[in-house]
Amino acid sequence: MEQLVAEVLEEMKIELEITDERDIAILQIKIKNAVREIKAAFNFKPYHKEDYILEQMENHLSNIKSLAMYDYMKIGAEGESAHSEKNISREYVDRNKCFAGIVPFAD
């Protein structure tokens with residue numbers, strides 16, 4: 001999974017134009033957390049081999065990136081569902097939309 005995290009980190013650093021080491025470290029944490037959450041959302045079973053899990057995670061890179069981006073961009077605005085200031089208004093999408101397309105394995 002570390003290679004997956006590194007790949008996503010490199011792509012997101014370019015997309016977000018991040019060069020500051022502190023910001024890169026924070027983004028890496030957000031990506032690691034996103035990988036954990038997406039993996040948990042799949043509800044993989046003990047019989048799923050690591051290769052299969054990695055393949056599924058790679059097939060859902062967009063979910064990982066969306067979730068990491070969502071969490072990174074909301075730093076400082078945690079808990080807000082909307083924000084208005086000086087004629088600028090923001091509304092945030094539901095975080096659960098980052099999990100679209102993930103079908104958990106049944107218990």
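Which residues of H2 are buried? I started there when reading this predicted model, and the notes below follow from it.

1. **The buried side of H2.** The buried residues of H2 are Ile-24, Leu-27, Ile-31, Ala-34, Val-35, Ile-38 and Phe-42. They sit on the same side of H2, because the arc they cover around the axis is only 105°.

2. With 22 residues, H2 reaches 32 Å from its first C-alpha to its last, close to the 32 Å expected at 1.5 Å a residue.

3. **The two ends of H2.** At the start of H2, have a look at Asp-20: one of its side-chain oxygens comes to within 3.2 Å of the backbone nitrogen of Arg-22. After H2 comes Asn-43, which has a positive phi, near 60°.

4. **Helix H1.** This helix spans residues 2-16, and its 15 residues reach 21 Å from first C-alpha to last, close to the 21 Å expected at 1.5 Å a residue. Its buried residues are Leu-4, Val-5, Val-8, Leu-9, Met-12 and Lys-13. These lie on the same side of H1, since they cover an arc of only 160° around the axis. A lysine is in that buried list, Lys-13, while Gln-3 and Ile-14 are exposed on the other side of H1. Just after H1, Glu-17 has a positive phi of about 55°.

5. **What lies over H1.** The cover over the buried residues of H1 includes helix H2 (21-42), helix H3 (50-59) and helix H4 (61-73).

6. **The largest nonpolar core.** This core has 25 residues, and those touching the most other members are Leu-27, Ile-31, Val-35, Ile-38, Met-57 and Ile-64. H1, H2, H3 and H4 each supply at least two residues of the core. Its largest share, 7 residues, comes from H2.

7. **Lys-32, in helix H2.** Where does Lys-32 sit? Its place is in helix H2. Lys-32 counts as partly exposed because its relative accessible area is 27%, and the range for that class lies between 20% and 50%. Leaving aside neighbours within four places in sequence, Lys-32 is in contact with Glu-2 and Val-5. Lys-32 and Glu-2 are 30 residues apart in sequence, yet their C-alpha atoms are 8.6 Å apart in space.

8. **The loop between H4 and S1.** Not counting residues up to four places away in sequence, Lys-74 touches Glu-80 and Tyr-92. Gly-79 lies in the loop between H4 and S1 as well, but Gly-79 counts as exposed, at 83% relative accessibility. From C-alpha to C-alpha, Gly-79 and Leu-61 are 25 Å apart in space, and they are 18 residues apart in sequence.

9. **The strand pair.** Strand S1 (residues 82-85) and strand S2 (residues 88-91) run antiparallel and are joined by 4 bridges. Glu-85 stands opposite Ile-88 in S2. The hairpin of S1 and S2 has 2 residues between the strands, and Lys-86 takes a positive phi near 50° there. If you follow the side chains along, keep in mind that in a regular strand they alternate between the two faces of the sheet.

Definitions and conventions:
Residues are numbered from 1 along each chain as its sequence is written. This is a predicted model: local features need pLDDT of at least 70, side-chain atom pairs count only at pLDDT 80 or more; totals for chains, interfaces and linings use all residues. Side-chain values use heavy atoms; hydrogens and water are left out. The expected span of a helix is 1.5 Å times one less than its number of residues. Buried means under 20% relative accessible area, exposed over 50%, partly exposed in between (1.4 Å probe, protein chains only). The arc is that of the directions from the helix axis to the C-beta atoms. Contact means heavy atoms within 4.5 Å. Two strands pair if DSSP finds at least two bridges between them. A nonpolar core is a set of buried Ala, Val, Leu, Ile, Met, Phe, Trp, Tyr and Cys residues joined through side-chain atoms within 4.5 Å. A polar contact is a pair of N or O atoms within 3.5 Å; within protein, one must be able to donate a hydrogen and the other to accept it, and residues adjacent in sequence count only if both atoms are side-chain atoms.
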